[in-house]
Amino acid sequence: MRARLAGALAPVLALMPAPAFAAALEGEAQRQPINWVAIAMFVAFVGLTLWITKAAAARTRTASDFYTAGGGISGFQNGLAMAGDYMSAASFLGISAQIFTDGYDGLIYSTGFLVGWPILLFLMAERLRNLGRFTFADVASYRFAQPPVRSFAAISTLLVVSFYLIAQMVGAGQLIKLLFGLPYAVAVVIVGALMMLYVLFGGMRATTWVQIIKAVLLLGGASFMALMVLAQFGFSLEALFARAVEVKSAAAQAAGATPVEAAAKGRAIMAPGGFIKDPVSAISFGLALMLGTAGLPHILMRFFTVPDAKEARKSVLWATGWIGYFYILTFIIGFGAIILVGTDAGYKMADGTLRGGGNMAAIHLAHAVGGNAFLGFISAVAFATILAVVAGLTLSAASAVSHDLYATVLKQGRANSADELRVSRITTLALGALAVLLGLVFEKQNVAFMVSLAFALAASGNFPVLILSLLWSGCTTRGAAWGGTIGLLTAFVLTLLSPAVWTTTFGLGLAPFPYSSAAIFSVPAGFIAIWLISRLDRSPRAAVDEAGYPAQRVRAETGIGAFAASDH
Amino acid sequence: MTQEAGRTDEALIAAVGADPRYIELVARRARLGWWLSAIIFAAFVGYLALIAFDKALLGMPIGDGVTSIGIPIGLGLILLAIALTGLYVAYANRHHDAQMAAILKDHGA
């Protein structure tokens, strides 16, 4: 994947938190012959989830049903759904492809994607559940004047979701072209239509089950692959790694390297490569991943689907466990692919690259360990994965518009449940149409930066606002709304000025901002702006905001007055 | 909403908020949260710093094998994240919840 990028930019671009997109979206995906097994399995998955959506639709009457599945999801189910929401096709195909090419480097992504979860638990999970009802804006604006903070949170949600969604749509189109042999436009329309169906009719209940089923299928499929790989090496990781090093050395020697060089190239897969060159980008990238996870609106929203703080806590433990397990499997799958796919000419083109493009390592490995039927299964799971992620994103954006903007800001809390639901459904339709449109427009673009932008925005806007409104009594309405906006803007502008956008996407030459991730500057910018504006705030409202802190704190810590599961 | 025994939420909140046992418990819980956050934060930033400044160290083989010490460190970070969340949940389930329930019960919540 990186060989294709301009040499100087390679380490910078490789830092982007979505390697699959980086590769899948470079237009290297070739359309494959129509894969009937995969299509049949996918149709079975869609049939099952639509049937669940129908059942969920019958039980979706109130706003609470729509936004939070009535709050009746258990911690275990919610943990699986969170994992299903978070384990994207990008991490499965992208990280295994990264390991297939560079070995160890793939593990760095995995750790970055995981470390935000414990922080989310330790500082926020219980308090979120105790204060929130439908959206994270409920928490962020708890003791503040509603319109400014809600508007900030809604805009931030729409921004984060839009960028994430475009990347998913483009990724979906490319992957489906690759896996199923369907044309790009058909694939994008299918994804958009299904996502609308789940959210429109089934709301959070259907979305949750789509995510749970997908998580189980993906974890099951990946476990099977890792097991089949390990079984060939007597369940010894050392034997697996040793063989992978041999394969890489032999390949280097066949390509004309001297025996000494070849041995070094083989051993290189056991160490970090050229991946993180400058420390600023490294730390910045880490911050965006870690803190962004704790600010993603569709992840935060999942905390309101459980009945109480205890179940919220368990959700994170299950999510962290499943996601961590999944990344360990991916690591084994990547090394398995080096050996079983890398040495088999049947999976390669005449020029030695993988058939179907760089992201196909895990898919070819599925064929190597389980034949055509299992290849179809894994392809179908990869598609299902995208559906689960886009449904969750759409639901959180629809909630931001209907609950935060319409019901709270526009109607000042006097909207009735039916009107609110209607607005969220109209938003869902609009968003679905927009997602399809943008997916078609961006087909040829490298949209990898959009995923990194979504994480940076969440880390620089939502995360500081949540942390300071929850934990600092001095935070005021003005501080949260304007400080959060400054954090968002800083992340946005710096990303536009970064090499991935300025140079690669727009071709404007040397980028004014030299680092790949803005987080190391924009996260502190968000925190400092909120602190400073709150400190300087002498408005009458500021006194009300500060006076509201003690009561908010007790509610956040104890759950007194928390919205109950049955509350409509 | 919890409005039992004729008490409003506000009165209950004020009473609980002033209870020294509550103040003590919340401080202890916050300390645990911040410590665990600091541990995972430091571990991850330290890992990134190692990658940025000393790649060769992570690539050193363990004993006579090919497995490098970067492997247990990277996988260990994943396991650390899971272990710390497990620790927090176990501690909260065993101690915090029961103590908070006892305090709330005393205030008639």
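Biologist: Where is Gln412(A) found in chain A?
Modeller: This is a predicted model. In it, Gln412(A) sits in the loop between helix H17 (361–410) and helix H18 (417–441) of chain A.

Biologist: What is its phi?
Modeller: About 50°. That is a positive value, although Gln412(A) is not a glycine.

Biologist: Is Gln412(A) buried or exposed?
Modeller: Exposed, with a relative accessible area of 52%. The cut-off for exposed is over 50%.

Biologist: And Phe235(A), where is that found?
Modeller: In another loop of chain A, the one between helix H11 (184–231) and helix H12 (237–254). Phi of Phe235(A) is near 55°. Again that is positive in a residue other than glycine.

Biologist: Does Phe235(A) count as buried or exposed?
Modeller: Phe235(A) counts as exposed, because its relative accessibility is 54%.

Biologist: Switching to Ala81(A). Which helix is it in?
Modeller: Helix H5 of chain A, residues 75–86. Ala81(A) is buried, at 0% relative accessible area.

Biologist: What is Ala81(A) in contact with, leaving aside neighbours within four places in sequence?
Modeller: Thr208(A), Gln211(A), Ile212(A) and Arg302(A).

Biologist: How far is Ala81(A) from Asn446(A)?
Modeller: 29 Å in space, C-alpha to C-alpha. In sequence they are 365 residues apart.

Biologist: Now chain B. How many helices and strands?
Modeller: 4 helices and 0 strands. Chain B is more spread out than a compact globule, because its radius of gyration is 22 Å, well over the 13 Å that the globule rule gives for 109 residues.

Biologist: What box do its C-alpha atoms fill?
Modeller: For chain B, roughly 70 × 25 × 25 Å, taken along the principal axes.

Biologist: Which residues of chain B carry the "transmembrane region" annotation?
Modeller: Residues 32–53 and 65–91, according to an unreviewed UniProt entry.

Biologist: What does the chain look like there, helix or strand?
Modeller: Residues 32–53 of chain B are 100% helix and 0% strand, with the end C-alpha atoms 31 Å apart. Residues 65–91 of chain B are 81% helix and 0% strand. There the end C-alpha atoms are 39 Å apart.

Biologist: How much of chain B counts as buried?
Modeller: 36% of its 109 residues. Chain B exposes about 5,500 Å², and carbon and sulfur atoms supply 68% of that.

Biologist: What about charges in chain B?
Modeller: There are 8 positive and 9 negative. Their mean positions are 3 Å apart.

Biologist: Last one. What share of chain B contacts join residues at least 24 apart?
Modeller: 63%, among contacts between residues at least 6 apart in sequence.

Key
Residues numbered from 1 in each chain as written. Chains lettered and ligands numbered in written order. Predicted model: local features only at pLDDT ≥ 70, side-chain atom pairs only at ≥ 80, totals over all residues. Heavy atoms only, no water. UniProt positions renumbered as here; feature names shortened; annotations may be inferred. Helix = DSSP H or I, 4+ residues; strand = E, 2+ residues; numbered from the N terminus. Buried < 20%, exposed > 50% of the residue type's maximum accessible area, 1.4 Å probe, protein only. Contact = heavy atoms within 4.5 Å. Rg over C-alpha atoms; globule rule 2.2 N^0.38 Å. Areas by Shrake-Rupley, 256 points an atom, 1.4 Å probe, with all protein chains shown as cover. Lys, Arg positive; Asp, Glu negative; His and termini not counted. Charge placed at Lys NZ, Arg CZ, Asp CG, Glu CD.
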